[in-house]
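Please open the model in a viewer and keep the selection panel at hand.

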Amino acid sequence: MRNSTNIFVFFLVLTLGTAVALAAPAAEVERDERAVVVGDRAAPAPPPPANEIDLRRAMAPASKQARLSVVAVVRKGEQVALGVVASDDGYVVTKASEIGASPDEPVNLRLAGGAIRRARLVGVAGEHDLALLKIDGGKFSPAQWASGDDVPPGKWVASVGMSELPLAVGIVSVGRRTIPADAIMGVFLADIDDESTGGALIVRVDPQGNAAKAGVRGGDIITAVNERTIGKREDVLTEISRHRPGDVVVLTMLRNDERVTSRVTLAKRPQPSTRSVRQNTMGSRLSDRRSGFTAVLQHDAVNLQPRDCGSPLVTLAGEIVGINIARAGRTETFAVPASVVVKVIAELRQAEADRAEADRPDASVLSDEQPATEKPDAPLPEPSSPGAEKTPTTQPT
Amino acid sequence: MRIFVFSLLLTVSSVTPSARAEPISRRPVDAAALQQVEDRLIELLPGWRAATVGVILSRGGAGTGVIIDETGLVLTAGHVSGEPGQTAEVILPDGRRLRGKALGRNGVEDAGMVRILNPDGEKFPFVNRGNSAMLKTGQWVAALGHPGGWNRDRPAVLRMGRVIRQNIFIQTDAVLVGGDSGGPLFDLDGNLVGIHSRIGTSIADNRHVPIDRFTASWDRLAKGEDWNPANQPLAWARNQPWFGVNGSDDPAGYRVQMVDDSGPASLAGIQPGDVIVAFAGKPIGREGTSHRLTTLIGTCRIGDIVEVELLRDGSDTLRIPVKLGRRPAS
């Protein structure tokens, strides 16, 4: 029997060899290899635990109030996302990249009672992938967002849809963090020890990267990105996460105590190995847009579809602590924390009010010879691409 | 918010003794039971995270590990620690990268051990070993690890699940992915009950090495022994059709180098040196023939009789019927 290792052996060794080559190790996949090979004849995968339903039942009372504020964004009769009613006069927040809305193209919402209403796009916060919609006319049941600190890891969270039982239940896996965008400059950053000065230190520059091509050097200290001040390393990630590959960012840097600027065209982050992609999509469908978020919580409710994004996340106490924003991997779903959602809604509403103000034919700001109709419009939000790969730029305030 | 959490923690510690008497992890799931699980998790998570580390080996693998004593002994998966003696790097939660060494490996059970070299005699935070034999189906367990690899912007990632079944591995619905290998599975007493090993297609198919398998061979692992190399059949393979040859790619097809004396190929008269050119009516091709043959075998069932077409010593093409079998247990 010593020589009896057979052909399966080789197979597994190959797999291990792959792991080694990619230095991306890990949970060795065994069953899926077989599944690929034998199709339906694979040893049957065990069913998802039938008792998952008990978790959803246990969280149903906590979900009851939030459910009244959930709407579905509908395109061609299909739900493409969920959303949360944010005010009694009909503002609704949802996941921007899934809904394909633009200022000229209203979307349809299905309300809790089943009624279909039109909603117009108010604005988009690209760095969060959140869109604010408005239903004009009517009275609605707004969500009560949790106040205070973010929900900590270890708390149960239910993703609430339009049915009595929540869509899925999970645990908060990781507290708030930034998920870098697909866009990269090609630098490695560190915080500066001396916090008084602020900025992010470039420890190393990828010699093949775009930053190097733009003349960025190791040892430079980034003090601003697109004229926004950088206090620490994470601020750079936040700024970059607002952009997509191909965008140009202007870096303001200190080099030997001199102020220099560079224009860096962002490149696309190298794709993870096919092995990693395959593992992450085993048993799951993922959101197209699942990176480039300024602030997300991570939880482990993965029995969710991309079209369930936009759903509110509630705790056992029934507090709405966030809104699901991406099915991100086999083990992870991202949600924007409630405090961030509240801030984004306020900013987008303020921007809307500012536009309305600017549009008002107020003689005091117009010269006599310039008719109001020729006054350039305040910039509208960029339309959202239905392809969802590109996200509209934000409207910083 | 903070005061609220604090008072809950106080409550937890005061109810702990009674909770131990009737393990919360096996109570029916209702809101009160979930609240107890949550309180316990929030209490235990900081200690778990402090002992959960990234592990990178000089000759390949990378994954997660967990510190099991204050001197810096780390448990991980056998396929992460790899060949004993190689240099390891252990990444602590604070980002420090410490030098280590791979100790023993049990390839089949996928148990591995790594030691942080620790020349300064630092005392590390660690977790306690539990007893996996005590695990019950349906019991709550918590998984930590570094899915996708260690990431300085993200602490060890918590996931919850329940025990679905146990055989060689513990199977749970605590979801794992590449990078988690070697990470810890805990019960809600806070003890280490398993080490992440592998996943299947279903999100409910996540497998962990029972901690008892480490305990049973602790001294061998600590001494750096390497046994049951990973290229021996695993339990799951016993349910797959078995042909019983080993070999390599050949310009003409798949060249048989070894046959298992008791295997289906041998019983049918296939010999070392034969070059297989077709299996079950399908050509093997000339490139990637090992993988192709494996694939073709995998499309069959145990007990199927298939025709194998092969070349032997320049003779004519031979066509040999082979009845596929079941792999022996040892």
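Begin by selecting strands S8, S9, S18, S21, S20 and S19 of chain A: in that order they form a closed barrel of six strands with antiparallel pairing. From one strand to the next, the twist averages 50°. Strands are DSSP runs of E with at least two residues, helices are runs of H or I with at least four, and both are numbered from the N terminus. Two strands pair if DSSP finds at least two bridges between them.

This is a predicted model, in which local features need pLDDT of at least 70 and side-chain atom pairs count only at pLDDT 80 or more, while totals for chains, interfaces and linings use all residues. Residues are numbered from 1 along each chain as its sequence is written, and chains are lettered from A and ligands numbered from 1 in the order in which they are written.

Next, select residues 156–159 (S8) and 168–179 (S9) of chain A, antiparallel strands joined by four bridges. Ser159(A) has Ala168(A) in S9(A) as its bridge partner.

Angles run from 0 to 180 degrees between N-to-C directions of axes, which are lines fitted to C-alpha atoms, for helices over the stretch in contact; contact requires C-beta atoms, placed from the backbone, within 7 Å.

Finally, select S2, S3, S4, S7, S6 and S5 of chain A, which in that order make a closed barrel of six strands with antiparallel pairing. H8(A) packs on this sheet as well, touching S4, S6 (116–125) and S7 (130–134) of chain A.

Definitions and conventions. Two residues are in contact if their C-beta atoms, placed from the backbone, lie within 7 Å.
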